[in-house]
Amino acid sequence: MKIVFLCVANSARSQMAEGLARAMVEPHVVILSAGSQPSHVNPFAIEAMAEIGISLSSHQSKSVSQIDFTDVDTVITLCADEVCPVFLGRAEKLHWPFSDPAAATGSAQDKLASFRLVREQIRARLEQWFSERNLLNSKELRG
C-alpha cells in the first residue's frame, strides 16, 4: 500500500501527516508527501513533531513531479483555503481540509500553538482512518 499526502508547499501539514502516518502504520505501508509549490520544511512543524518524538529534521519539501503515482493507492489532500494540487490518477482521492498553520500570526508561541493544533487534528483523523482500515501498528504514538 502506498499513501501520498499533498498540499501546496509541502512544508507543514503534509510533512506532519507523513511523519505521523509513518509512526502509526505497519512498515509495509509506504508513506510520502509532496506539494505543488515545494519550499522548505517549516521549523515550527519540525518543533511540533519533535515534541511527540517524531523527527522531521531530515525531511525535505518535494514536488509532486518527484512522486511516482503509478502504484499509489490513496492520495490525501490537506489544503483548506488554498488551491490543492490536483491528482488525476486512479488512486482513491480524499480531501481533509486543515487550516495552514504556517499562516498563523503573532508570537513564536502563538505560531507553535497553531502547529500543535493542526498536528493533533491530523493525528486524530489518521488514527480514525488507519483504524478503519486495520493499518495501525502495535506501537502507541505518544505525545
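1. A residue is called buried when its relative accessible area is under 20%, exposed when that area is over 50%, and partly exposed in between, with a 1.4 Å probe and protein chains only. By that definition S14, with a relative accessible area of 0%, is buried. S14 belongs to helix α1, which spans residues 13–24, where helices (H or I, at least four residues) and strands (E, at least two) are DSSP runs numbered from the N terminus. With neighbours within four places in sequence left aside, S14 is in contact (heavy atoms within 4.5 Å) with F5, L6, C7, S33, A34 and L78.

2. The model is a predicted one, in which local features need pLDDT of at least 70 and side-chain atom pairs count only at pLDDT 80 or more, while totals for chains, interfaces and linings use all residues. Residues are numbered from 1 along each chain as its sequence is written, and side-chain values use heavy atoms, with hydrogens and water left out.

3. On confidence, pLDDT is the predictor's own score for each residue, from 0 to 100; the chain averages 92, and 95% of the residues score at least 70. Where pLDDT is low, the predicted coordinates should not be read in detail.

4. As to the overall fold, the chain has three helices and four strands, and along the sequence these follow the pattern β-α-β-α-β-β-α. The radius of gyration of the chain is 14 Å, close to the 15 Å that the globule rule gives for 143 residues, so the chain is as compact as a globular protein of that length; the radius is taken over C-alpha atoms, and the rule is 2.2 Å times the number of residues to the power 0.38. Taken along the principal axes, the C-alpha atoms fill a box of roughly 40 × 35 × 25 Å.

5. Buried residues make up 48% of the 143 residues in the chain. Of the contacts in the chain with a separation of 6 or more, 70% are between residues 24 or more positions apart.

6. P101 sits in the loop between β4 (92–95) and α3 (108–132), and its relative accessibility of 3% makes it count as buried. Apart from neighbours within four places in sequence, P101 is in contact with A12, R13, M16, S114, F115 and V118. The C-alpha atoms of P101 and F44 are separated by 8.9 Å, although these residues are 57 residues apart along the chain.

7. Not counting residues up to four places away in sequence, A80 touches R13, P97, F98 and S99. Between the C-alpha atoms of A80 and C7, which are 73 residues apart along the chain, the separation is 9.2 Å.

8. Two backbone angles deserve a look. Most residues other than glycine have a negative phi. N10, in the loop between β1 (2–7) and α1, has a positive phi near 50°, and N10 is buried, with a relative accessible area of 0%. N134, in the segment after α3, has a positive phi of about 55° although it is not a glycine, and at 69% relative accessibility N134 counts as exposed.
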